[in-house]
Amino acid sequence: MLEELLMAFINGILLGGVLALLAFGLNLIFGVVKIIHMAYGQFVMLGFYFIYYFHTAWHMPLLVAMAGGIVVMGLLGMLVQLLIINPLLNAPRLNQLLALASLIIVLENLAQVLWGADYRGIPISMPIIQFGDIFIRSSYLLAFLGAIATLGILYLFLHKTYFGLAIRSVAQDVEIAKGMGINPKVIYYITLAAGGALTGVVAAFFIPIYTVHPHFGASFTLMAFVIVVFGGMGNLMGGFISAFIIGVVTSITAVLTSTEVADILALVLFILMMMVRPQGILGAKA
Amino acid sequence: MLTVDAIDTYYGEFQALEGVSLKVEKGQTVIVVGPNGAGKSTLLKTILGLQKARTGSIKFQGEEISGLAPHKVVERGISMVPEGGRVFPDLSVQDNLRVGSYNPVARPNAQRQMEQIFSLFPILSDRKRQAAGSLSGGERQMLAIARSLMSCPQLIMLDEPSLGLAPLVVNMVFDFIQQMKKEGYAILLVEQNANKALKVADYAYLVESGKLVYEGDRDSFDKNPYIKTAYLGL
Amino acid sequence: MKRNSTTSKIITVGVLLIIALAPLLATSEYMVHIGTLILLWAFVSTAWAYMARFGLVSLGHGVFLGIGAYIPVMLFNYYGVSPWLGMLAGVGAAVLVAAILGYSCFRFGLIGDYFALVTLAMAEVVSLAIVACREVTGGSLGCTLKASVGWASFQFDDKRYFYYIIFVFLLLALYIWRLIDKSRMRLALTAIEESELAASSMGVSIIRFKMGITLLSAGLTAMGGVLYAQYITYINPGTISGVGVSLSTCFKAILGGMFNIFGPLAGSAIMVSLEEYFRISFDTGFLGVSEIIFGVVLLVMIIFLPKGIVGSVSEWLNKRFGVARS
């Protein structure tokens, strides 16, 4: 039992890395565009399918298929900005939420029409690493390392480039950013493209771990929400830390009870957090 | 250099500017005074393109800029110091300055410009890695002014730079405006503090409830009995 | 806005008469079935709009639908408890949950999109809980109500029974809407929406009023869940609880126009018909095409008709003829 818990803990940390990456995209979009991307998890699902499709139907080598999936998801992110977010930039928040929620309906059913309701996956066998009584799946470890590396690259992008600087300044004060000669629309496109590409990256890391089906994304949307709120909406560092907390908590709960109970626990934490500390674990008291 | 001709600006149904015209010549410092809510800030926002003028024209160096997006206007050489020294509080001082050089015209010179600014404002250099939000009010105003210089502007617009600052700090800010003037920048300064503003002005406008009510050079402004009692507190 | 109360009364009576007479003119059971669904969702989304039009936008009414649907069915299937008692239990439980959820939200001052997200999460919690208790509820496969026709077990062979029963509930919901409009609650709640501070200084207990509207809305929505279960006789967490049905409830009200008394009804009529139309026209070949089109139509409507259909039409009429029907 103890080994099982320890393994759940390690898996939680490893999965937490990927969740951190996922939440990062949602958080970035919220921070910059001030929009809650309700269909973010569905983007991961689409990314998964694209990589699967490129690999199996077009016989691309897996890494090329992954790169292709990431590019396509980035473009789709921009398309969402163009067709849905731009027209609703000044609309009530509720309409934005509902528009992106209807996008969920479109994307899930699109996947169903294109690829069917069956579970699809690319069978990759990756070794299991053993430390004494502890077994770690190398697919999880690879995903974790990849996610951390991607986050590092994102950090450098945000802090060392002009676009990154512009993104951070728009997130803080659009009005003044405009006065500095920044065109927020361009920044929004870049943000959505980055957010989209990130879902592609997450999907690529998920390939050796999961199989995909049209409703694959829903739980990831919720998980990303929980993490983002837990860390404080728009607070990238808070999101990073809370991803690991949520990863570990759900992973251990799932071992002790069931995955549904683990999800319920995460959502209850989310609700309590919204009520008691809406600014998140790291946020300053408003 | 800048010619504003009979612009009307609305917020929804509310008319904030009514037929306002003004001119700024090369190297000139022009001030706009008037009470709170007279439309002074709106005027600057309209010139920069943050607000759209419904009618009228705005020409900068002979080209129509009315209706252009703000980033296009900034590219042409107009920069703005927003009201209350609004900086990006979570960005470092250095990053705040760097944002000022975002437009493609200014970017190649950013490094040189920043060094110049640091020699001009040693205090900003000392704090370049600090978050701008941790600066004092006066320092923030300095940073906002310095940031506006980063875009290699020909015309600098300042929105109430003395607002909320202690008298000593206000003097510092105006000393610096004087210095910018000497360096040949054209300046359009909007102020409630007419006394201070007049000292640096070459030409002045008075705005009340969205309309120009008086204009003249510094002397005629100083001597106007209405302005004396209402704005100069003499 | 000018109100032309005679025209508005004539239109109201006309709409209700058409609804009342429709089954007599229907040429097939299927049409009655669609009519029943329209009335059922109109009832639920009208109840949803009670809250939404005062700024309490819930994205989690699936909570109450799920509780209302599951409790009576479980009680009847396992213990043979009469659905009439089960109905009370279901509605009561939903009201209790609404009281706890509402009180904590209002107590902590959750408003706007924060309230929306909390209710959304709550919907998922209930749906997951139903799945987690799979030994009893049948999990995500759902469960079937034990057949037993008659008034005692609240099941009928003839679809017209449910059509008229649900119609009566819809009338009740519309009547309550009117009552809310007329009562002091409207004044008070409008004040709450405009300024929390002003309202509290007027001596209004904000929490009490928000609670009143929330409990009313939750109770009627749970009743909608009961009616759904009794009518369809099959429930599963995907269709009657969770995020999906919660969102589609607000889609209906918003598309029709949630500030207008007939908005949710109009929205439900359009959504249910569109869903059926697309399902019939496209789903012979591909599963899902109808939903894609449906989703796109929703998107286009949210972007281009942000005030809802009834809202946008009456605004257009207002501009065109200078008269608005209320």
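Helices (H or I, at least four residues) and strands (E, at least two) are taken as DSSP runs and numbered from the N terminus. The structure is a predicted model, in which local features need pLDDT of at least 70 and side-chain atom pairs count only at pLDDT 80 or more, while totals for chains, interfaces and linings use all residues. Residues are numbered from 1 along each chain as its sequence is written, and chains are lettered from A and ligands numbered from 1 in the order in which they are written.

Gln28(B) lies in the loop that links strand S2 (14–24) to strand S3 (29–33) of chain B. A residue is classed as buried if 20 or more other C-beta atoms lie within 10 Å of its own, as exposed if 12 or fewer do, and as partly exposed in between, with C-beta atoms placed from the backbone. Gln28(B) has 18 C-beta neighbours inside 10 Å and therefore counts as partly exposed. Two residues are in contact if their C-beta atoms, placed from the backbone, lie within 7 Å. When residues up to four places away in sequence are not counted, Gln28(B) touches Ala186(B), Asp202(B) and Tyr203(B). Tyr203(B) is 175 residues from Gln28(B) along the chain, and the C-alpha atoms of the two are separated by 7.9 Å.

Chain B as a whole contains 10 helices and 10 strands. Its radius of gyration (over C-alpha atoms; the globule rule is 2.2 Å times the number of residues to the power 0.38) is 17 Å, close to the 17 Å given by the globule rule for 234 residues, so chain B is as compact as a globular protein of that length. Along the principal axes, the C-alpha atoms of chain B fill a box of roughly 45 × 40 × 30 Å. Of the 234 residues in chain B, 45% are buried. Contacts in chain B between residues at least 6 apart in sequence join residues at least 24 apart in 68% of cases.

Chain A has 11 helices and 2 strands, arranged along the sequence as α-α-α-α-β-β-α-α-α-α-α-α-α. The radius of gyration of chain A is 19 Å, which agrees with the value near 19 Å for a compact globule of 286 residues. The corresponding C-alpha box, taken along the principal axes, is roughly 60 × 50 × 35 Å. Buried residues account for 56% of the 286 residues in chain A. For contacts in chain A with a separation of 6 or more, 77% involve residues 24 or more positions apart.

Helix H2 (residues 40–56) of chain A has 17 residues, which at 1.5 Å a residue should span 24 Å; the end C-alpha atoms are 25 Å apart, which agrees. The expected span is 1.5 Å times one less than the number of residues. H2(A) is mostly covered, with 15 of its 17 residues buried.

Two helix pairs of chain A are described next. Axes are lines fitted to C-alpha atoms, for helices over the stretch in contact, and angles run from 0 to 180 degrees between N-to-C directions. The axes of helix H1 (residues 2–33) and helix H5 (residues 138–160) of chain A come within 8 Å and cross at roughly 35°. The crossing of H1(A) and H5(A) is left-handed, meaning that the near helix is turned anticlockwise from the far one by less than a right angle (right-handed if clockwise). Residues of H1(A) including Leu14(A), Leu21(A) and Phe24(A) meet residues of H5(A) including Phe144(A), Ile148(A) and Leu151(A). This contact comprises 14 nonpolar, 3 polar and no charged residues, where Ala, Val, Leu, Ile, Met, Phe, Trp, Tyr, Cys and Pro count as nonpolar, Asp, Glu, Lys and Arg as charged, and the others, Gly among them, as polar. For helix H9 (residues 218–231) of chain A and H11(A), the axes come within 9 Å and cross at roughly 35°, and this crossing is also left-handed.

Of the 2 pairs of chains that touch, chains A and C have the most contacts. In that pair, 33 residues of chain A are in contact with 37 residues of chain C. H4(A) supplies the largest share of the side of chain A that touches chain C, at 15 residues. The contact between chains B and A takes 22 residues from chain B and 14 residues from chain A. Chains B and C do not touch, and their nearest C-alpha atoms are 17 Å apart.
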